[in-house]
Amino acid sequence: MSEALISLVIPVYNAEKHLKECLDSVCDAIRPGCEVVLVDDGSTDDSANLIETYYSSMLDDGIFKLIKISNSGPGQARNVGVSASKGRYIGFLDSDDVIHDRYFDSVFPVIESGEIDIVQFHLLRFDGVDSNDGEVIVSHKSSTGCYQLKEVRADIFSVGKWFPWTRVFRREIILEFPFPCEKVFYEDLVTIPLLFMRDCAIALLDYPLVSYRDNLHGTTRNHCHAHAWTVYNFLLDVTTRRDTPEVDILSIQLARTVLFFKFELSIRGIKLWDVLAIVQNIRKRNKNIEGLEKYDRLLYRFPFFYALLDWGRHRLGLVKK
């Protein structure tokens, strides 16, 4: 296949339960100028065989490309897919989610001129039954349009949704900011915000183009100490970067997540006072951060009170994962 306008990279790991629904949605939406790069990340189920059986014609035509690697984690699987892709722009999709039938038709007119670096849109979270019926989760609050990132950066950071599959990136940008090669949790969280600290042109679409399956058995619903340490170490890294309102917003959001994990999992190694000191230092140098969401604003203004409140909620079993 010659150079495509857009490549959709899909990491696949033991996904046979939902994979056909995912790929059928891609087939319904696809149009000329698209390629789909599937990276089988060492699956031990029948995922690869399902792809080869049901989508053989797409593979033969070069519209689908299947790459098999040893299990390396979703971050490295995405990196492999990006390297093997031919598109001028790169989109992502998880193998248990679905794209809407207007995905490519919505993105193509925006990127055909080559003037936009990132396209961002919303997602629909569904319970696994009907991918067209669910809760819209916004990636930004600004209206549909083309912007310089500096014009909407505070908006995007204040919302704080860092899913790679709610964006399409110019190839050079995603190559500059690869996902972690080692297996880590929240590989999108520790990658995408750094990308958004640079200056570029972004198009915002004010509607969802991906339906995200709310998986009760997924990482975001089942926390462990490694999750907490990943976020905590990223918080420490972020605090060493330039002092901007956006970095401060991200630091407060990360601090709130670290507190949640600390109280949920009773982690002694992460010191409460160290986390609260980061928030206090932000408050000392930045008296007014606009755009913070309700609970982030509470932590920012009253860090010790927020910590006590969150601790109490966990102790009383009032916290919903």
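Let's start with a charge and a ring: R102 lies over the face of Y207, at 3.9 Å from the ring centre. Keep in mind that this is a predicted model.

F179 is a handy way into the aromatic side of the structure. F179 forms one aromatic cluster with F92 and F169. Both F92 and F179 are buried. Across the model, the count of aromatic pairs comes to 14. In the pair made by F92 and F179, the ring centres are 5.6 Å apart and the planes stand at 90 degrees, so this one is edge-to-face. Where do the two partners, F92 and F179, sit along the chain? F92 belongs to strand β4 (residues 89–92), while F179 is in the loop between α7 (171–176) and α8 (192–195), so the pair ties together parts that are 87 residues apart in sequence.

Now for another of these pairs, F157 with W162. Here the centres are 4.9 Å apart and the planes are at 70 degrees, so F157 and W162 are also edge-to-face. F157 is buried, with a relative accessible area of 0%, and W162 counts as buried too, at 5%.

Next, the cysteines. A disulfide is a covalent bond between the sulfur atoms of two cysteines. For C27, the closest cysteine sulfur is in C22, and at 9.6 Å it is too far for a bond. C27 lies in helix α1 (residues 16–29) and is partly exposed, with a relative accessible area of 26%. What does C27 touch, leaving aside its neighbours within four places in sequence? The contacts are Y55, M58 and F64. Of these, Y55 is 28 residues from C27 in sequence, and the two are 9.4 Å apart in space, C-alpha to C-alpha. Another cysteine, C224, also counts as partly exposed, at 29% relative accessibility.

Finally, have a look at helix α12 (residues 294–301), where the buried residues are D296, L299 and Y300. Seen down the axis of α12, these fall within an arc of 100 degrees, so they line one face of the helix. And what do the buried residues of α12 pack against? Their partners are three other helices: α10 (245–265), α11 (272–285) and α13 (303–315).

Conventions
Residues are numbered from 1 along each chain as its sequence is written. This is a predicted model: local features need pLDDT of at least 70, side-chain atom pairs count only at pLDDT 80 or more; totals for chains, interfaces and linings use all residues. Side-chain values use heavy atoms; hydrogens and water are left out. Buried means under 20% relative accessible area, exposed over 50%, partly exposed in between (1.4 Å probe, protein chains only). Helices (H or I, at least four residues) and strands (E, at least two) are DSSP runs, numbered from the N terminus. The arc is that of the directions from the helix axis to the C-beta atoms. Contact means heavy atoms within 4.5 Å. A disulfide is a pair of cysteine sulfur atoms within 2.5 Å. Rings of Phe, Tyr and Trp (its six-membered ring) pair if their centres lie within 6.5 Å; planes under 30 degrees apart count as stacked, over 60 as edge-to-face and the rest as tilted. A charge sits over a ring if NZ of Lys or CZ of Arg is within 6 Å of the ring centre and within 35 degrees of the ring normal.
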